[in-house]
Amino acid sequence: MNKLLSTPSMDSPDPEIQAFFKGRHRQATLWQVIFNLSTLVGIIVLVILLVTILNRTMGFTAVENEIAPQSLSDRPMDELEINEMAAIIRGQLTRNRMRTIERAGPLEEQGRGKVYEILIEEVVQPKVVQSYTLIDSLTKRGQISAEIAEKFPQATMEFRFWLNARFLQNAMASEPTLAGVRSALLGSFFLIVITISVAFPIGIGAAIYLEEYAVAKNWINRIIQTNIDNLAGVPSIVYGILGLAVFVRILVPFTSGAMFGVEGGSGRTILSAGLTMALLILPILIINAQEAIRAVPNSLRQASYGLGATRWQTIWNHVLPYALPGILTGTILAVSRAIGETAPLIVVGASTFITSDPSGPFSSFSALPIQIFNWTTRPDDTFRNIAAAAIVVLLVSLLTLNAVAIILRNRFTKRI
Amino acid sequence: MKETILQPKAIKVSQRVTPNLQKRIRLGETFITALLFFCGAVSILTTLGIVFVLGNEAWLFFGGPDVDLREFFFTTTWQPVIGNFGVLPLVLSTLITSFIAMCVALPLGLSMAVYLSEYASTKTRSILKPILEILAGIPTVVYGYFALTFMTPVLRGIFGDGTVSIYNMASAGLVLGIMILPLVSSMSEDALSSVPSSLREAAYGVGANRLETAVQVVVPAALSGIIAAFIIGVSRAVGETMIVAIAAGSGPKFTFNPFESAETMTGYIARISGGDLSYDTPDYNSIFAIGLLLFLITLTLNITSRVISRRFREVYE
């Protein structure tokens with residue numbers, strides 16, 4: 001040790017000292033590589049996750065038709081005239097089915113595109129019997145076509161984008177190719193509207209109270225603060241259980257709409273789910289809003305008090321406008337948590353098979369994450385494709401929300 | 001507003017003004033204060049609601065003729081249909097998935113935190129932190145999908161289809177670890193960066209290199225924060241539902257083999273309440289009993305974490 005202290009240099013001629021420095025240096029480099037690698041792992045995981053999802057949203061499919069188009073007409077289907085198509089449809093479908101289809105008017109008046117759609121969906125009925133991932137489709141094209149030719153001689157090979165306009169417009173259906181996310185998207189939308197309109201005022205109110213009024217640190221204020229911190233850590237499924245017992249069961253006259261003369265009677269409605277979700281995001285919202293309010297400089301308050309403003313006037317005219325960008329950003333982050341949350345919705349009873357759009361706060365509903373969960377857990381592989389497509393929809397809407405949060409924050413910050 | 005503005009001509013020296021200095025009672029202000037207090041109290045009502053609902057229904061569950069506390073905590077079969085209520089299989093699989101998750105999240109999260117706080121330049125950090133935030137913002141159902149369609153096939157590819165079932169705890173646990181990774185790393189990083197730079201400079205001053213400074217000075221100084229992050233991570237892993245519901249399988253099973261399927265506490269609650277549930281059956285009451293257990297476990301973990309980070313924090317000046 002003495003030797004080291006007297007010559008603390010790498011240029012020392014003593015081989016022992018050189019080895020000592022080299023050893024330390026080697027160790028430092030090694031660990032730096034380890035630290036770098038583990039950070040890299042995080043990025044790689046994110047990339048793999050996105051690739052796994054995108055990989056399933058498009059690719060080759062083997063499509064088998066219930067009725068071969070060749071047996072219906074000599075010419076390709078999409079070249080037929082509207083009258084010919086209508087004739088084929090009339091020849092193939094039962095009278096009952098025809099009555100439902102022609103309720104809006106005879107086939108010839110429904111437009112060529114619409115009739116073609118009916119012809120394909122109702123008569124030809126293409127079914128995806130096997131789907132391939134995007135990576136396989138790009139790299140093993142020959143192998144796939146050989147496999148399809150061998151396993152499904154009737155089938156044709158088609159490249160399919162699972163995430164298409166039809167997917168966004170269609171309601172839930174039992175056939176993956178016809179199923180869509182419209183009702184689930186609308187369900188999520190209604191849910192979020194209820195959640196925000198309940199959680200936002202209460203959350204901001206609580207944050208204002210804790211930051212501006214509860215300056216005296218007495219026991220009740222301390223309990224409220226500790227309690228909010230603890231609530232933020234409660235698992236979301238516990239909120240679901242709370243919602244099930246309180247909103248779905250005890251408050252059933254209110255949440256089912258029976259109080260307002262709505263028929264139905266079940267408490268498993270959008271309103272119940274929205275209220276549950278509001279309780280869930282409330283602690284996060286309060287904590288975010290508290291931070292935003294705390295960041296308002298004290299001089300602003302003092303100036304306002306100095307001019308004789310009351311406490312509420314100070315808060316309303318000075319503190320809140322200054323804190324607004326932060327509050328909005330925090331709210332949007334809390335809301336994006338609510339959009340992706342699945343477990344409480346399962347417990348309060350979101351339905352997985354809803355073919356009609358939700359009509360109001362008292363209708364039963366599905367939501368986007370519920371739909372993803374349902375499709376993921378089906379054994380049929382093609383459902384994984386539409387689950388991936390629904391995930392892309394969900395992630396895109398979350399990204400949009402976050403982008404809005406950033407834009408809002410920038411715009412408001414500039415103005416003040 | 002108007003009467004509070006003083007008109008200059010109203011002030012005359014000769015005129016003896018005796019202002020009423022008593023605090024004026026403002027009804028509007030009092031009303032607003034009460035309203036805001038109510039908003040704050042909603043959170044307390046929520047907690048009371050959780051405790052009351054869980055406690056009440058769990059009371060009915062344990063008060064029923066089929067279950068007693070000893071059976072609940074010490075037997076290893078959970079089959080409510082035939083009257084077996086031993087919660088251990090559910091607890092064990094929760095512990096196994098959480099343990100696997102922490103094996104992923106702790107080393108990775110800590111080294112990421114050390115890298116971000118001690119090594120990365122400001123520019124690198126400004127790129128990496130948003131990436132971590134994106135990871136943290138991905139809904140858990142998406143992670144569940146990832147576990148089932150990516151992690152499980154990979155595990156089956158490595159260990160063979162015979163050893164690894166389609167639904168297994170290992171896949172769920174690994175993905176759980178990835179899910180809590182951003183949380184653990186960002187909380188640890190906060191703890192590391194709050195260590196004052198004078199400590200680092202002192203270490204550099206006596207000739208320590210960057211690694212020695214980080215590992216022997218900064219990490220020990222921030223240890224309480226890191227432990228707090230770790231405990232919060234465990235709590236999050238225990239309470240997470242969707243990943244285990246999708247990837248760990250359904251059907252409670254008492255097994256230590258991570259490659260087998262076994263239902264966790266949260267997975268059980270999700271499965272039971274997802275079906276057609278009729279009120280006041282043992283099934284219905286059991287989700288409250290398990291919910292209460294889950295609530296108590298996570299609450300204990302969260303409080304422990306807060307106490308540790310507060311009490312054992314090194315205070316610098």
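Modeller: The expected span of a helix is 1.5 Å times one less than its number of residues, and a helix here is a DSSP run of H or I with at least four residues, numbered from the N terminus. This is a predicted model, in which local features need pLDDT of at least 70, side-chain atom pairs count only at pLDDT 80 or more, and totals for chains, interfaces and linings use all residues. Residues are numbered from 1 along each chain as its sequence is written, while chains are lettered from A and ligands numbered from 1 in the order written.

Colleague: How far does helix H3 of chain B reach from its first C-alpha to its last?

Modeller: Helix H3 of chain B runs over residues 88-119 and has 32 residues, for which 46 Å is expected. The span in the model is close to that, at 44 Å.

Colleague: How many residues of H3(B) are buried?

Modeller: A residue is buried if 20 or more other C-beta atoms, placed from the backbone, lie within 10 Å of its own, exposed if 12 or fewer, and partly exposed in between. H3(B) is mostly covered, for among its 32 residues the buried ones number 26.

Colleague: Is B:Glu71 buried or partly exposed?

Modeller: B:Glu71 belongs to helix H2 of chain B, residues 69-74. Because 16 other C-beta atoms lie within 10 Å, B:Glu71 is partly exposed.

Colleague: Leaving aside neighbours within four places in sequence, which residues is B:Glu71 in contact with?

Modeller: The C-alpha atom of B:Glu71 is separated by 8.4 Å from that of B:Val87, 16 residues apart along the chain. Contact (C-beta atoms, placed from the backbone, within 7 Å) joins B:Glu71, beyond those sequence neighbours, to B:Phe85 and B:Gly86.

Definitions and conventions
Helices (H or I, at least four residues) and strands (E, at least two) are DSSP runs, numbered from the N terminus. Two residues are in contact if their C-beta atoms, placed from the backbone, lie within 7 Å.
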